[in-house]
Amino acid sequence: MALLEVKDLHTSFFTDAGEVRAVNGVSFTLERGKILGIVGESGSGKSVTAYSIMQILAAAGKIVSGSIKLDGQELVGAGEKVMKEVRGNRISIIFQDPMTSLNPTYTIGQQLMEAIHLHTDRDKQQSWDRAVEMLRLVNVNDPEKRMKQYPHELSGGMRQRVMIAMALACEPDILIADEPTTALDVTIQAGILELMKDIQSKIGMAIIMITHDLGVVAQLCDEVIVMYAGGICEQGTADEIFYNPCHEYTKGLLRSIPTADDSGDRLEPISGTPIDLLNMPKGCPFAPRCDNAMKICMREHCEKMTINENHSAACWMNVRKAVKGE
Amino acid sequence: MSTNKTSEQPLIEVRNLKQYFNINAGFFKSIPLKAVDDISFTIREGETLGLVGESGCGKTTAGRTILHLYKPTAGEIIYRGKSIKTAKDIEEFRKKATMVFQDPYSSLDPRMTVADIIGEPLDVHHMYKSEQERRDKILELMEHVGLNSEHAARYAHEFSGGQRQRVGIARSLAVDPDFIVCDEPVSALDVSIQAQVINMFDELQSKMGLTYLFIAHDLLVVRHISDRIAVMYLGRMVELADAADIYERPLHPYSKALISAVPVPDPKVARANKRIALSGEIPSPLNAPSGCPFHTRCPYAQPRCAESMPEFKEVEKGRFVACHRTEEINS
């Protein structure tokens, strides 16, 4: 059985301007010990998918339908009591901005120990020891001293390490990382990514890595989901997505970024602007920006199609491929 | 973008530029924060010089000081062979040198229409004779950056990030500059929009013969757009070379580490990449190490690195490195 199974998830925000369908029929499974990358632009629904799994949506947000199963246990509609057990213990999350995710008025130690104390039956001394051990695991130098320091005394990279330590303190099965390195410098980012991979292989938890940076995905992830306008365009192994992209949006994304062996040629941008979620087109949400859009793309939404056992995409272009027998 | 038109005549020459900020350290006491510490380089007409480095290395301060948005603590900025010194020089210079800012949300006045935002530099420098001329000029600028003329009466909040950045670029072009400091102009934009804006910078450069100082932290973007790249660390310039050279074969230990840390969007390359890990963290510029600022984290450091600051010298043609051990570690 898959560790996490998300099926046809729909999450909406009910605003004054109308219903914003932020997540629109997302399905995926996550196996134990895998790193899954979710990529997409702002507003593509990648973070909302994660927040739906944790059920930490803003007040206007609501899971409309769908199912989220953790080890076979249904989480949608399970109630706050169950979720309290799940959060932190089974699934934990780290956020983009390590500056604002830590409480400035408590020491690092107090915040780490709180998490440990809440979820395990360790006493104060044991919690302290565990916190120090976790800081050591995430390569924070001089952990005993750090325990007594306040967040403002630490650099951005250090704070993100503390967040990871906190997220991992209760040995969760799944770590959700929401753009964990976007606010950090490249050399610090490289260190954090290596640390995550390292800990993952040591502890064996699964990671959901949410990012807009295809470089980060290439470096870290086993499997990739590409999201656009609240839906999944394409999912597959990292190699399949990068070397055999089958959705026009994924192809466009890969063409529009400069690569390592850049020749200085013009980049090929995706035309147009990201979609307005209040005003979704009828067919494929990417069709208005797609250079190869066909009549059917404007008319009908494309269901997920299997490319091979490791790869599926929701793009009509693949049908033509099939028809032509290519 | 590599242009063949790049000439040898420097458009901008920066000589021993220093920018210190005084930080309060108690009663009547202040200590200098050396944001930019003695950097020298030239920018040729028509080229794009990329300026990279991590947060706090002084790249933004360098860009702003070159435009005299801050008064330099020491050093000279020479534009077309003439040193910028007096208030009059600065005023003239600002008609030729402008800036595009990082954040397209906070750098546009929410109470002004797009036409007024773009037209403001024209107002400031009295660059039109009639209202009609002003309006024509604004519409022409909007066309250059791919904005519709019907957008002129709208406000900034009605636009997406990419379009706002276009407004910012149109504003910077209003005075007909030949030098633009671009301070992280695409880092706030979505990936699919970034390429549109980068291409626009390229097109404007070849159409109008612009020269850019392109400040960014995304090394792949900088490499794409720049002819040459300068790397800064703790207020100092540590390496300056052709974009492809510095990327293929960095000579300074810091450039090596920085480039090895770039996440490459290619899984096979990424798996094969060996990252050069740096120990420790960037020291505070208030308390910069003695000698070479990088010696506390440098894998090649020797005692002499802590004693004296290595000279920023030309090691190969057009290639500058500030390291005592350039030859030893790269042979």
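Which residues of H1(A) are buried? In this predicted model, the buried residues of that helix are A:Lys46, A:Ser47, A:Val48, A:Thr49, A:Ala50, A:Tyr51, A:Ser52 and A:Ile53. Helix H1 of chain A spans residues 46–54, and because eight of its nine residues are buried, the helix is largely enclosed by the rest of the structure.

Directly after H1(A) comes A:Gln55. This residue lies in the loop between H1 and strand E4 (61–70) of chain A. Its phi is positive, at about 55°, although A:Gln55 is not a glycine. A residue is buried if 20 or more other C-beta atoms lie within 10 Å of its own; A:Gln55 has 20 C-beta neighbours inside 10 Å and therefore counts as buried.

A positive phi is also found in chain B, at B:His126, which is not a glycine and has a value of about 45°. B:His126 is placed in the loop between helix H3 (114–124) and helix H4 (131–144) of chain B. Because B:His126 has 7 C-beta neighbours inside 10 Å, it counts as exposed.

The overall form of chain A was examined next. Chain A contains twelve helices and twelve strands. Its C-alpha atoms fill a box of roughly 70 × 50 × 40 Å along the principal axes. For 326 residues, a compact globule would have a radius of gyration near 20 Å, and the 21 Å of chain A agrees with this. Of the 326 residues of chain A, 50% count as buried. Considering contacts in chain A between residues at least 6 apart in sequence, 64% join residues at least 24 apart.

Helix H6 of chain A covers residues 156–168. The 13 residues of H6(A) reach 18 Å from the first C-alpha to the last, close to the 18 Å expected at 1.5 Å a residue. Twelve of these 13 residues are buried, so H6(A) is largely enclosed by the rest of the structure. The buried set includes A:Gly157, A:Met158, A:Arg159, A:Gln160 and A:Arg161. Also among the buried residues of H6(A) are A:Val162, A:Met163, A:Ile164, A:Ala165, A:Met166, A:Ala167 and A:Leu168. The elements of chain A against which the buried residues of H6(A) pack are strand E6 (91–94), helix H3 (108–119), helix H4 (124–137), strand E7 (174–178) and H7.

Strand pairing in chain A includes an open sheet of four strands in the order E2-E1-E4-E5, with antiparallel pairing. Strand E2 (18–30) and strand E5 (73–74) of chain A are the edge strands, each pairing on one side only. Strands of a sheet pair through backbone hydrogen bonds, either parallel or antiparallel. Strand E1 (residues 4–15) of chain A is joined to E2(A) by ten bridges, and the two strands run antiparallel. Within this pairing, A:Phe28 of E2(A) is the bridge partner of A:Val6.

The contact between the chains takes 35 residues from chain A and 35 residues from chain B. On the side of chain A that touches chain B, the elements giving two or more residues are helix H7 (186–203), helix H8 (214–220), helix H9 (238–243) and helix H10 (248–256) of chain A. H8(A) gives the most to this side, with five residues. By class, the side of chain A that touches chain B has 15 nonpolar, 13 polar and seven charged residues.

Confidence in the model was considered last. The model scores ipTM 0.84 and pTM 0.88. Chain B has a mean pLDDT of 91, and 98% of its residues reach 70 or more. Over residues 1–6 of chain B, however, the pLDDT is below 50. Beyond near neighbours in sequence, the stretch of residues 1–6 of chain B has 15 contacts in the model. Where pLDDT is low, the predicted coordinates should not be read in detail.

Technical notes:
Residues numbered from 1 in each chain as written. Chains lettered and ligands numbered in written order. Predicted model: local features only at pLDDT ≥ 70, side-chain atom pairs only at ≥ 80, totals over all residues. Contact = placed C-beta atoms within 7 Å. Nonpolar A, V, L, I, M, F, W, Y, C, P; charged D, E, K, R; others polar. pLDDT = per-residue confidence, 0-100. Rg over C-alpha atoms; globule rule 2.2 N^0.38 Å. Expected span 1.5 Å × (residues − 1). Pairing = 2+ DSSP bridges.
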